[in-house]
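Reader: Hi! Could you walk me through this one?
Author: Happy to, here it is.

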Amino acid sequence: MRGSGRRLWALWLVPGYAFLYLPLALAVPLSFNDSRLVTRWTGFSWRWYGTLWQDAVLIDAALLSFRIAVLSATMALALGTLAGLALARFGRFRGRGAFVAGLSASLVMPDVVAGLMLLLLFVTLEQITGWPAGRGTLTVTLAHASLSVAYVAAVVQARLAEMPLDLEEAAADLYAPPAAVFLRVTAPLLAPALLSGWLLAFTLSLDDVVVASFTSGPGASTLPMVVFSQLRLGPTPEINALATVVIGAVTFALAAGGVLRRYGRRRHVMPGERST
Amino acid sequence: MRRLAILLPAAWLLATVLAPLVILATIATATPSDGVPPYAPLLDWSGGGLPRVTASADAWQLLVADGYYLRALLFSLRIAAISALGCLLVGYPLALAITRAPAGWRAPLLLLALLPFWTGFLLRINAWIGLLKEDGWVSAALHAAGLLPPGRALLYTDAAMYLGIIHAYLPFAVLPIYARLSRLDPALAEAAADLGATPLRSFLTVTLPLSMPGVWAGLALVFIPAVGEYVIPELLGGPQAQTIGRVIWQEFFANRDWPQASAVALVLVALLVLPAALVQRAR
């Protein structure tokens, strides 16, 4: 009884993972389908990869999205780290309640509302100060940064909360100024949280169609905006090819990350320390 | 350093959360116009001397008088509730099964459950559209099983929309439930078994009650974003699936009625965002 019960876990996994991977399992083979229809197999072909490669609109949009994602994730990382630091390390400062309320408000703000609010902000700012002139790459970048700050802050705060204070206190006792304590002690210890916060912000930006649609302007269509307008007309094998490329890239990045981590762990074993 | 670390993000929050909320509330009382931007300024200085206030309650009157907005809101709340339950029903067994796997398997299995999240939301929707179309594989399988009348597609129905939402939000339910389950002491379930409880009984009286905080967190993490969901109802649901997110989008993009869109958005803020912010603040 116990033995069979212990092995049942594998059976329970099947329906869940089947559901999760059903669309991906369909997209990959169908991207090699010769047919224009995404429902009938007519033969193996690379033609949709050729179409994808020559689709200047899609490629320009992908490059733009990539740039916006890198920039906005970096901004969100800087601001979100400061916010997480303030929440986890500075005790009960004045205005902390409002600070927490602001962060959690932006965490639960529906995309449609956030997009509308940020657009109205940019329009009003332009009316009053003349900046930002019109909507485009800059406004989408700022909007995406503002979506992600709260996520980065949450990740950083969670990591700081479980990190013991003694190393930072030791550095401060040895007269390291606060900035040096942060840069030379806290930041290296925080590195994994900083990386996952940045990646989260990067993914949120690359996946967002709603806020970008509100805050973008003519000539600045992001990749999700282009894909979204194509999906309204129906599914295409070209998007399946794009999905296959993305799945390949993510799998490669994960594998590379796994290898690097294993390699890094081996290198960081100190002399005299037991290797695990 | 300390002051900077508080002031910089605080200023950012003031500029990107509080200021836009004030602007949203202001424009919700403005009068629509044909200009760019399409609303009249609240203060009219043209008469010379003191400005004339041109606020209007039209958007709010329409919001209350026209059942369209209330219906969309209730529909969205129902969709979010059903989707959250669906994510729980699929996600709980998944999370539980991962905790029962051998220790070395758990991290890769969890990663595998989160991996689709990193592969592009719209790209997965594209695949779903292909599956749910009239001649798509899922619709075809349902035709063969006699569950769907021939000539009908699953695409552009509420069922398709639920499928899409549950698929997109499943990781948000799995993570908190797994986090909670993995922290439970296995000795508790073993003690229940030693005292003669069947696996089902030990699950119902020990594991499930202890995992409830994770269950509530998972439900909230799906429910809250699902209320405002726009893309999935738009692409997978039919035209009858009028969610509040779609209403705001249409008021803004199709009708160019910014005051009306702002008024509807404010209602959503009051219902979802304010309670969440106040709860967090109190903690």
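Reader: Thanks! Let's start with B:S182: where is its place?
Author: B:S182 sits in helix α7 (residues 158-182) of chain B. Helices here are DSSP runs of H or I with at least four residues, strands are runs of E with at least two, and both are numbered from the N terminus. Before we go on, this is a predicted model, where local features need pLDDT of at least 70, side-chain atom pairs count only at pLDDT 80 or more, and totals for chains, interfaces and linings use all residues. Residues are numbered from 1 along each chain as its sequence is written, while chains are lettered from A and ligands numbered from 1 in the order in which they are written.

Reader: Good to know. How does B:S182 count, with its C-beta neighbours inside 10 Å?
Author: B:S182 counts as partly exposed, because it has 13 C-beta neighbours inside 10 Å. A residue is buried with 20 or more other C-beta atoms within 10 Å of its own, exposed with 12 or fewer, and partly exposed in between, the C-beta atoms being placed from the backbone.

Reader: What about the secondary structure of chain A?
Author: Chain A comes to 11 helices and 0 strands. Its radius of gyration is 23 Å, well over the 19 Å from the globule rule for 276 residues, so chain A too is more spread out than a compact globule. Its C-alpha atoms fill a box of roughly 70 × 70 × 40 Å along the principal axes, and 42% of its residues count as buried.

Reader: How many residues does the contact take from each chain?
Author: The contact takes 71 residues from chain B and 66 from chain A, with two residues in contact if their C-beta atoms, placed from the backbone, lie within 7 Å. Helix α1 (residues 2-27) of chain B gives the most to the chain B side, with 17 residues. By class, that side of chain B has 54 nonpolar, 11 polar and 6 charged residues. Ala, Val, Leu, Ile, Met, Phe, Trp, Tyr, Cys and Pro count as nonpolar, Asp, Glu, Lys and Arg as charged, and the others, Gly among them, as polar.

Reader: Switching topic: at what angle do the axes of α12 and α13 of chain B cross?
Author: Helix α12 (residues 244-254) and helix α13 (residues 258-282) of chain B cross at roughly 160°, and their axes come within 7 Å. That makes α12(B) roughly antiparallel to α13(B), a label for angles over 145 degrees. Among the residues that meet are B:I244 and B:F252 in α12(B), and B:W258 and B:L268 in α13(B).

Reader: And which residue lies in the loop between them?
Author: B:R256 lies in that loop between α12 and α13 of chain B. Phi of B:R256 is near 50°, a positive value in a residue other than glycine. Most residues other than glycine have a negative phi, and most peptide bonds are trans.

Reader: Which residues does a cis peptide bond join?
Author: A cis peptide bond joins A:W131 and A:P132, with omega about -5°. A:P132 is in the loop between α5 (111-129) and α6 (137-162) of chain A.

Terms used: Axes are lines fitted to C-alpha atoms, for helices over the stretch in contact, and angles run from 0 to 180 degrees between N-to-C directions. Angles under 35 degrees count as roughly parallel, over 145 as roughly antiparallel, 65 to 115 as roughly perpendicular and the rest as oblique. The radius of gyration is taken over C-alpha atoms; the globule rule is 2.2 Å times the number of residues to the power 0.38.
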